[in-house]
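Subject: Structure handover

Hello,

I am passing a structure on to you, with notes on what was found in it. Please look it over before reading the rest.

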Amino acid sequence: MFFKKNDEKEELKNLLVQNRRKEKVKKEKVNVKWIAQIALISFTISFGLSFVSEIAIPNLSVVWGILLTLAFVFIGILFDIVGVAVTGADEKVFHSMNSRQVKGSKVAVLFKKNADKVSSFCCDVIGDICGIVSGASASAVSVGLAATFNWNLLLVSLTVAAVVASLTIGGKACGKSFAINKSDVILYEFAKIISIFYKE
């Protein structure tokens, strides 16, 4: 038992040593500019999507309100997939494609070099905002459903919220597995779309 504990301590020390080797010798300073930019982008996107959900959905029919809520859920899942794929993709593949001047490969390399920022934007900014807005949309849809069919508002709200949450969580769980297995393809396809708006 004593030797086992010592072995575990040695293994832990070895892991810590290996981890330090992986770290950069010179630690980067906190990028204040990036934090300010991401905060401003988050505010703008959140404001825009919240405006749509709060103003548009109450004036829509129940069917269109449901479709818009599902669209927010889908966008959140889609960007979560991209965020995971960026971190898992192999940069060498895109350098090779870039040397052959394949469309979108330069953007893919740029995304991979800034994988932490791209992943943060996709998963944390877009993904989380869509989660919040889809929740707000679900509330508006619940009111519409309760009023249209004369159902109990509390029961409808709880049911709709549970359905939206399960779709979001289940979709992201499936999406993560897909993103890990197809990371290179996903990043390439996403980079191809972005390259339309990006001058290479």
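This is a predicted model: local features need pLDDT of at least 70, side-chain atom pairs count only at pLDDT 80 or more; totals for chains, interfaces and linings use all residues.

Residues are numbered from 1 along each chain as its sequence is written, and side-chain values use heavy atoms, with hydrogens and water left out.

Pockets

A pocket here is an open set of points, on a 1 Å grid over the protein atoms alone, where a 1.4 Å probe fits, with protein on both sides within 12 Å along at least five of seven lines; its lining residues have an atom within 4 Å of a point. Volume is the space filled by probe spheres set on the points, which are joined across faces, edges and corners.

The largest pocket holds about 270 Å³ of space. Its lining has 13 residues, with Trp34, Phe111, Lys117, Val118 and Phe121 nearest the centre. Two or more lining residues come from each of helix 2 (32-59), helix 5 (105-113), helix 6 (115-149) and helix 8 (183-195). Helix 6 contributes the most, four residues. Helices are DSSP runs (H or I, at least four residues) numbered from the N terminus. By class, the lining has ten nonpolar, two polar and one charged residues. Nonpolar covers Ala, Val, Leu, Ile, Met, Phe, Trp, Tyr, Cys and Pro; charged covers Asp, Glu, Lys and Arg; the others, Gly among them, are polar.

The volume of the second largest pocket is about 160 Å³. Among its lining residues are Leu78, Phe79, Phe178, Glu189 and Phe190. Helix 3 (62-88) and helix 8 each give two or more residues to this lining, which has eight nonpolar, no polar and one charged residues.

Surface patch

A nonpolar patch joins side chains of Val, Leu, Ile, Met, Phe, Trp or Tyr within 5 Å, from residues with over 30% relative accessible area. One such patch, including Leu60, Trp64, Leu70 and Leu167, has about 710 Å² of accessible area together (Shrake-Rupley method, 1.4 Å probe). Helix 3 supplies its largest share, five residues.

Leucine 60 sits in the loop between helix 2 and helix 3. Leucine 60 is partly exposed, at 38% relative accessible area (buried is under 20%, exposed over 50%, partly exposed in between).

A buried residue

Alanine 108 belongs to helix 5 and is buried, with a relative accessible area of 0%. Its C-alpha is 8.9 Å from that of serine 195, 87 residues apart in sequence.

Regards

Definitions and conventions
Patches are made of residues with over 30% relative accessible area and no salt bridge: like charges are joined within 9 Å, nonpolar side chains (Val, Leu, Ile, Met, Phe, Trp, Tyr) within 5 Å. A salt bridge is a side-chain nitrogen of Lys or Arg within 4 Å of a carboxyl oxygen of Asp or Glu. Buried means under 20% relative accessible area, exposed over 50%, partly exposed in between (1.4 Å probe, protein chains only).
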